[in-house]
Amino acid sequence: MQHEVLSKIRIETFTPLSKFTTWRVGGAAQWLAEPKNIEEIKFLTSWANKKNLQCQIIGAGSNLLINDSGLKGLSICMKKLNGSQLDLENGVIEACGGEHLPTLARQAAKAGLHGLEWAVGIPGTIGGAVVMNAGAQGGCTADSLQSIKVISMQGGEPFEIKNEDLNFGYRSSLLQQEKLIVLSARFQLEPGHDHKKLTRITNENLNRRTTTQPYHLPSCGSVFRNPEPLKAGRLIEDLGLKGHKIGGAEISNIHANFIVNNGQATAKDIYDLIIFVQRQVKKTHGFLLHPEVKQLGFNTTT
Ligand SMILES: Cc1cc2nc3c(=O)[nH]c(=O)nc-3n(C[C@H](O)[C@H](O)[C@H](O)COP(=O)(O)OP(=O)(O)OC[C@H]3O[C@@H](n4cnc5c(N)ncnc54)[C@H](O)[C@@H]3O)c2cc1C
């Protein structure tokens, strides 16, 4: 059995990671695998540990800037570890780490489960949503999350972590500092709601976003965290930076906290534009905007 699992998992080499990020940039992975079950993940982490390779996890790559020089070690893309189970009576959802968040939000609404309508416009996976405590329209992942099942990148058996132990904050969680892989998440939603109403609200949420944000171009959503109570987008717009370009990367004319790839951007173009914006804001306001996007393969840990 073990042998069968091992013989089926493909570990590819020098695969371009631009295909695995919504910005559509990034160099090649030294090694890349797309596991479909927990056994395959266990095999991959032990394979990497034996070879002394570092591991990094990619969800839908919708919050990732990967260096043009690519990533050393093993990159594990979680999107194929997908699927979910909805308990309509009790409102409990069990979703795999690679499940697509908007798909789950739509399924929940259709089933009359209230609590994920805000999530429809966030093109990430469940694992990425938990790590980032993704949120929109006043809701966030931590609101309805009960617990997650994780496994260490160092090996061992899966274990559970409860919501209260995940240190959730604004776009942050304990998982941003730990070498853990989110295998699945359990949500408690409110059952018994009118599915037509929930579906209408979900559709309205998506429409609002697609008309006020540049969903038609490759991006990673909001680049900078809001320096609360201020809004990063407003600060950037007020500095007259909308439309500012470096190479193929451009500060969106629709929403100033989005950097879009006009087709030919490199990760370096985007990185340089991030630094440029930080310098302009610092010069005028005296503080640094912190990126919300995670940067992999750069000399930074954000
Ligand atoms: C058009 C657009 C709109 C967006 N709007 C919003 C918004 O409104 N609100 C918001 O919060 N975000 C938004 N985002 C950003 C992004 O979608 C979220 O941060 C999302 O939660 C990231 O999920 P992901 O699966 O793509 O994670 P990735 O970008 O692949 O990874 C993000 C981080 O999570 C880690 N990670 C991913 N999966 C796992 C796992 N299974 N186990 C362990 N670690 C993991 C990665 O290593 C990385 O550190 C938007 C992005 C786009 C492109």
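This is a predicted model: local features need pLDDT of at least 70, side-chain atom pairs count only at pLDDT 80 or more; totals for chains, interfaces and linings use all residues.

How do strand 10 and strand 11 pair, and over how many bridges? I found strand 10 and strand 11 (residues 159-162) antiparallel, over four bridges. Strands here are DSSP runs of E, at least two residues, and helices are runs of H or I, at least four, both numbered from the N terminus. Two strands pair if DSSP finds at least two bridges between them.

Numbering starts from 1 along each chain as its sequence is written.

I looked up the turn: strand 10 and strand 11 make a hairpin with six residues between them, and G155 there has a positive phi of about 110°. I148 has I161 in strand 11 as its bridge partner.

On to strand 12. Strand 10 (residues 145-152) also pairs with strand 12 (residues 180-188), antiparallel over seven bridges, and L145 is bridged to F187. Strand 7 (residues 92-96) pairs with strand 12 over five bridges, again antiparallel, with E94 opposite R186.

Put together, I get an open, antiparallel sheet of five strands in the order 6-7-12-10-11. Strand 6 (84-87) and strand 11 are the edges, each pairing on one side only.

Last, I checked V182. Contact means C-beta atoms, placed from the backbone, within 7 Å. Not counting residues up to four places away in sequence, V182 touches G97, G127, V130, V131, I148, V150 and L175.

Note on methods
Two residues are in contact if their C-beta atoms, placed from the backbone, lie within 7 Å.
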